[in-house]
Amino acid sequence: DALPNGCSSGSSDCTIHMTWAGAAFQVGPIPTNSDQVGGTTGPKNVVQAGAQTIAVQDSRAAQNFKVVDTITLEGGGYLVGYPGLGGQVLTLSPDGSRLYVLNDQGASVVVIDTATDSITQTLDVGTLSQSVAVSRDGTRLYLANPNDGTVTVLDVDASPGTASTTIGAMDSPWNVTLSADGDKVYATNALGIGGLSVIDSATNAVTTTIGDGAMFNSVLDPGGFLYAADASINVVYVVDTYADTVLPDTLYANSPRGLALSPDGTVLYVSSPSGEVKAFTEPWTVHPDFNDPQLTTIGGFDKPTALAVSPDGTKLYVADSSGNSVSVLDIKIQRNIGYSTTTLTKAATIAVGADPIGLAVSPDGTRVYVANNDGTVSVIATDQNPYKNLLMLGAARNGQQSNQLVMLTFTDGTQDWWYQTF
């Protein structure tokens with residue numbers, strides 16, 4: 001092909017490539033607006049107005065997500081004793097620099113440096129834990145121990161990692177969450193009377209128990225509403241932690257397991273092993289004094305367990321435990337006067353280790369950590385689309401043959417040129 005005007009062979013500012021990334025780059029018809037972008041295999045989606053410059057961004061979601069590392073834990077599997085009933089089996093420090101993963105059926109906590117994806121320490125718990133949470137200042141871990149009715153408090157910098165405090169007098173604590181200010185720790189109780197134990201983080205003492213009934217997995221929103229799953233009777237309890245009361249009405253979900261909240265707390269996501277994920281928009285409106293929350297259901301999953309939401313609230317990650325994969329869902333929330341609705345669309349599926357049961361997303365949203373019950377942690381990069389921006393320079397005469405010079409801007413900020421005649 002002839003060189004475009006202004007380019008010469010060997011020019012430092014105009015390098016010609018007839019192929020890119022091992023395959024011919026299909027530019028396709030030149031669109032005049034965003035509604036005229038054609039084709040399903042080439043770059044598309046964002047079109048900048050104007051006849052001389054067209055910006056195109058690739059929309060193939062599967063290329064945005066890739067497993068970039070697999071961390072093998074000692075022991076070879078069985079991170080917790082009851083993997084199918086929910087509970088936060090891994091968590092990140094507030095700054096995202098450390099990942100804490102339960103191991104050996106909850107008998108230890110593995111500490112991973114997220115900068116290098118390497119194991120730096122193993123903390124002994126002294127009992128079998130089902131979930132782990134980190135304090136707001138990142139100095140302590142809280143572990144729920146259902147077998148002996150306690151919550152263990154670990155100093156994350158202690159050596160060799162012995163328990164600093166054991167808090168007792170609870171009925172099979174299953175999951176732990178912290179209040180926004182870190183002053184309270186909430187432990188759900190799965191057996192006995194059940195209910196929600198409230199722990200003063202300053203004194204490490206149980207101050208009260210809210211409600212009753214079996215409570216397994218749980219999440220707490222910024223407004224103080226805690227949602228606790230009871231898989232035995234197919235409900236999610238709504239607890240007002242400021243008033244220390246359980247709301248009289250419950251949210252229905254078939255054997256609820258995984259729970260996650262949008263960053264602002266306005267949408268609750270619930271997974272069921274039957275293969276579906278529900279989105280309850282404004283879930284606190286289950287209160288009889290308000291309208292019921294809007295409900296969206298999406299199916300087609302393979303025994304989904306853990307859920308996690310991206311920091312910007314646009315992606316929902318679903319661990320498919322029987323499918324050995326993580327599904328990525330696009331989230332769209334429509335705000336209306338008096339009510340809001342949520343739409344979920346499956347965008348990608350990523351193969352991970354066997355039986356994924358836990359998810360955690362880095363504070364910047366670029367990494368998703370997957371705890372697999374085969375004793376591994378899969379690290380998914382969410383920013384792996386090499387087509388990040390394509391700037392097409394040249395005459396954009398719609399309907400006519402034209403030479404095009406394409407500038408590729410990669411995710412690391414580097415640029416390259418590519419030339420196509422069509």
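Entry 1, one residue. Working from a predicted model, I first looked up Asn189 and found that its relative accessibility is 1%, and because buried means under 20%, Asn189 counts as buried. I then placed Asn189 in strand 12, which covers residues 184-189. For its side chain I noted a polar contact, at 2.9 Å, with the side chain of Ser197. Leaving aside neighbours within four places in sequence, I listed the residues in contact with Asn189, among them Met170, Asp171, Ser172 and Pro173, then Gly194, Gly195, Leu196 and Ser197, and also Gly213, Ala214 and Met215.

I looked up the secondary structure and found 33 strands and zero helices. Of the 422 residues in the chain, 50% are buried, and the accessible surface comes to about 17,900 Å², with 48% of it belonging to carbon and sulfur atoms. Among contacts with a separation of 6 or more, I noted that 46% are between residues 24 or more positions apart.

Strands of a sheet pair through backbone hydrogen bonds, either parallel or antiparallel. I looked up an open sheet of four strands, whose order is 3-4-5-6 and whose pairing is antiparallel. Strand 3 (90-92) and strand 6 (118-124) stand at the edges with a single partner strand each, so one side of each is left without a neighbour in the sheet. From one strand to the next, the twist averages 20 degrees. I followed strand 3 to strand 4 (residues 98-103), to which it is joined by three bridges, the two running antiparallel, and I noted that Leu92 stands opposite Leu99 in strand 4.

Key. Residues are numbered from 1 along each chain as its sequence is written. This is a predicted model: local features need pLDDT of at least 70, side-chain atom pairs count only at pLDDT 80 or more; totals for chains, interfaces and linings use all residues. Side-chain values use heavy atoms; hydrogens and water are left out. Buried means under 20% relative accessible area, exposed over 50%, partly exposed in between (1.4 Å probe, protein chains only). A polar contact is a pair of N or O atoms within 3.5 Å; within protein, one must be able to donate a hydrogen and the other to accept it, and residues adjacent in sequence count only if both atoms are side-chain atoms. Contact means heavy atoms within 4.5 Å. Accessible areas come from the Shrake-Rupley method with a 1.4 Å probe; for residues, only the protein chains shown count as cover. Two strands pair if DSSP finds at least two bridges between them. Axes are lines fitted to C-alpha atoms, for helices over the stretch in contact, and angles run from 0 to 180 degrees between N-to-C directions.
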